[in-house]
Each structure stands twice: as structure tokens, then as C-alpha cells.
Amino acid sequence: MLTVNRYKCCYCGACVGVCPTCALELVETWLEVSAECKECGLCTKICPVGALEVNA
Amino acid sequence: MKCDLIVVGGGPGGSMAAKAASEAGLKVVMLEKRQEIGDPVRCAEGVSKRTLNRLVKLEPEWIASEVKGARLYAPDGTSIVMSEDKSGGEVGYVLERKVFDRGLAMLAAQAGATVLVKTRALGLLRKNGAISGVSAMRIGEPLEIEAPLIIGADGVESKVGRWAGIDTALKLQDIESCAQFLVHDASIDEEYTEFFLGNNIAPSGYAWSFPKGEKLANIGLGIQGSRSKPGEAVRLLHKFMKARFPNGRVVEMVVGGDPCSGPIESATTDGVMLVGDAAHQTDPLTGGGILNAMQAGVMAGEVAAKAISAGDMSRRGLVEYETRWREKIGKTIARSFQFKEFFVKLNDNDMNQLLGSLAKEDISKMDLAGMLRVLFRFNPKLLWSLKSLII
């Protein structure tokens, strides 16, 4: 499961840009994760602050 | 709500598109999902003086500072200086984006566009298969806006293209992960933008210092996504600050992703044009995207007016936009992409050799092309693969 650390997230949207399934949506300061997420982890790598994590 | 054109996104690209289309007589609605245009910033704010002045009448409060040129540091500390009028890229003004973006949106509004803030596009509406508008959420309430034509200026996180069938998802090697601090430090060079190269500083990217006056500067770095890991950009920036600006006081933090994919296959489809970061129109080498977005915005706005009056919003009816942006900015983007593909593979020794060979020459009177020719003369082996771009 993809988790968002909302205390770390700086809501820049880089993760949204790399998401291959369009599962992420940035709503101002709130990153939404939809059921389309395949937990590929690309977004975790691009995140400049390390706010995203895929947990088993 | 009904109009001729919906512009999704109120950044520089969107505002210029809305302004141009409104001036050409269209009824335009521009959507911005944030409640405040221009904030938070995701940008180092550097632009070329000449191009910006050509595009818009500047207000003094949009400009934080003016610089004389750029100084590049090799990993071993060797530096070269390029003057502002010769360096060509994003050197000249350092903007105050919060004020600048708002100013451009104001120009769009003054030209007649309706600007809706805190209004987020949720998807495209279709009638008989053709795009007929945008479904949105405005301050938490659903809103349908009808229009036969949409401009997607929705940035690195663009959805408009993807909804319309243009795959704009970025591969990790085609996006830079960036972090930046606004820093106060007495040692900041207020006359030059500075670029710091090195795989230990910013792998397949660079660090920068863009002065904003009063000993403030945007100090940041970008690293290629394929060489990034969670939180790496911020971690490296802290390391860079410690090494280079140990006494710097951080007063603001900015992060973001910067497309560097080169020109996309198509920025248009039936009923849709993409502009700016949404169309990956950033320069892949410098990462600069403001002026390209603004220029593309103007072109898209003008073409929108023609398409509406001709009644042809199909991809064919929008082909003028595709042709014009490729001619005006696409060629440079494609060229920069080839340079970037070369640059990201350089090791520190290569970079030292390249900049070192320039440091011995008087390059103050040279433009970029001249400098590249000198580089090639001294480093033919290293630069052989770029031969066709340089000579």
C-alpha cells in the first residue's frame, strides 16, 4: 500500500507527473491516492522530500 | 457555465493563453485549483531578459533582481563566466514568481477572461464523442463548464492530456527531482547566477544559486529522477548548503519535479492543446520552462481563436499550434535534449576537463555556439558524439 506522510509532503506534484496509472491527484496541499495505484514505487523515488512509501 | 475556451491551470502558460485568446475575442474561463495563484512556488525563477521583455510589459515588482551573467563551477572548483547577453538560457532576471504569476493572471482577467480559483478540473465532458467541456469542483461544489476547446496548462502533474488520450506520464530519466531553499547569506554573489556541477553535488543535474537581492538567493539543486531515491534531493541540498553556504539562513523551502523529456510526440488532439510543463516544453538542459510556457501559451491562445471561428476544433484544425511551437521552441528543446543526454553521462573528470579547457580561454565575447566550438576544438574525443550539434 502507498502511504503519504502528510507532515513531510510539500505538495509539489512530481509524484503525479511520474505515476503511470494516473492514480495520484494533488488537491492543493492534499495528495489523493486512488485504487488505480499499482504500488510500483516510481513516485517514492522521485519525491524530493521522501514523503511516499510503499509498504508490504 | 458556457464559453469558447477553457484553460486548465493559471500559471504563466495558462495565463498567457487565456490573455491571447481573450484579446482575440474568445469567451475564456481559466481554472486554477489552488486558492492563490503563484503560491507555493516550484521554481528557481530565472529567465532571459530579452525574451521576457518581448512577451509582456513588465511590472517592476515582478523582478526580484537582475544579473550580469552566469558563473559555472566544475566539480574541482574551476569556474567560467558567461555574460548575460551571451549565455542565452535562463539568465538575466530573477523573478518573484508569486507576484509575477498573479500579475499575468490579472492581465488575462483584464483582457476579459474569467478566472476561477480553488476550482479543480475533474475530467473532460464529451458529447457525441467530441470534447464538450470540463467537469470541475469549485470550492467543494460540482461545476460543469461547456466549451468545445480546452487548453491544458496544468503543469508537471497534468491530467488534461492523459484524459484526452495523450500519454504525458514522465519516465524517471525524463524528470528532475528538485529542492530549493530561499537563503540569506552575506556570501551570496548578487551579480551572477551560479551553477555548480558534480556527481557528488547533484547527480545528472546541477546545483544553483539565483540571487534575489538583499543577500537573498534561491539555492537549490535538481537530480535526474532515475538517480533519485526517496528524499534524496532535500538530503543533497542540505549537504550542499553545509559545504558551500554554511552560514546561510533558510527562510523558505521549495520542491518540485521538472520535466526534461524533450519534445512530446503531440501536444494536440481533438479539442485539446497542451501548453508548458503539461507538454514537457521545459528546456531539458537548463530546466527552464517559464518563457517556453508563455510563448506556447500565446500561440495556443491565438490558434484557439482561429479554430473557434473556423468551427474546426479537431486535431487537424489545431495543427497550426503544433507547427508553430515546434518551430519556435521545439527545435531548441530537441537540441537541448541531446545535450542533456550527453551531459547526464559525464563523470566529474570529464566535467573538470571540459570547463578547465574553457577557463584558459577568453570566452567573455563568445556566444554559446562559439563556446561550444572552442570546447570541441579542445575536447574532440569527449564531444565526438555531439559533433553534428556543434559544428
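Which residue of chain B forms a salt bridge with Glu25(A)? The partner is Arg120(B), and the closest N and O atoms of the pair are 2.7 Å apart. The structure is a predicted model.

## Extent of the interface

Chain A contributes 25 residues to the contact, and chain B contributes 31 residues. Between them the two chains bury about 2,200 Å², of which 59% lies on carbon and sulfur atoms. Three residues, Lys159(B), Arg162(B) and Leu172(B), account for 24% of the area that chain B buries against chain A, more than any other three residues.

## Polar and charged links

The pair formed by Glu25(A) and Arg120(B) is a salt bridge, and 3 salt bridges are found across the interface of chain B and chain A. Across this interface there are also 14 residue pairs in polar contact, with both residues at pLDDT 80 or more.

On chain B, the elements that give two or more residues to the side touching chain A are strand E9 (119–127), strand E13 (175–184), helix H6 (232–244) and strand E17 (249–259). Of these, E17(B) gives the most, with 4 residues. Sorted by class, this side of chain B holds 13 nonpolar, 8 polar and 10 charged residues.

## A hairpin in chain B

Strand E10 (residues 130–138) and strand E11 (residues 141–146) of chain B pair in the antiparallel sense over 6 bridges. Within this pairing, Met137(B) stands opposite Pro142(B) in E11(B).

The hairpin of E10(B) and E11(B) has 2 residues between the strands. In this hairpin, Ile139(B) takes a positive phi near 45 degrees.

Conventions. Residues are numbered from 1 along each chain as its sequence is written. Chains are lettered from A and ligands numbered from 1 in the order in which they are written. This is a predicted model: local features need pLDDT of at least 70, side-chain atom pairs count only at pLDDT 80 or more; totals for chains, interfaces and linings use all residues. Side-chain values use heavy atoms; hydrogens and water are left out. Contact means heavy atoms within 4.5 Å. Buried area is the accessible area (1.4 Å probe) that two parts lose on being put together, summed over both. A salt bridge is a side-chain nitrogen of Lys or Arg within 4 Å of a carboxyl oxygen of Asp or Glu. A polar contact is a pair of N or O atoms within 3.5 Å; within protein, one must be able to donate a hydrogen and the other to accept it, and residues adjacent in sequence count only if both atoms are side-chain atoms. Ala, Val, Leu, Ile, Met, Phe, Trp, Tyr, Cys and Pro count as nonpolar, Asp, Glu, Lys and Arg as charged, and the others, Gly among them, as polar. Two strands pair if DSSP finds at least two bridges between them.
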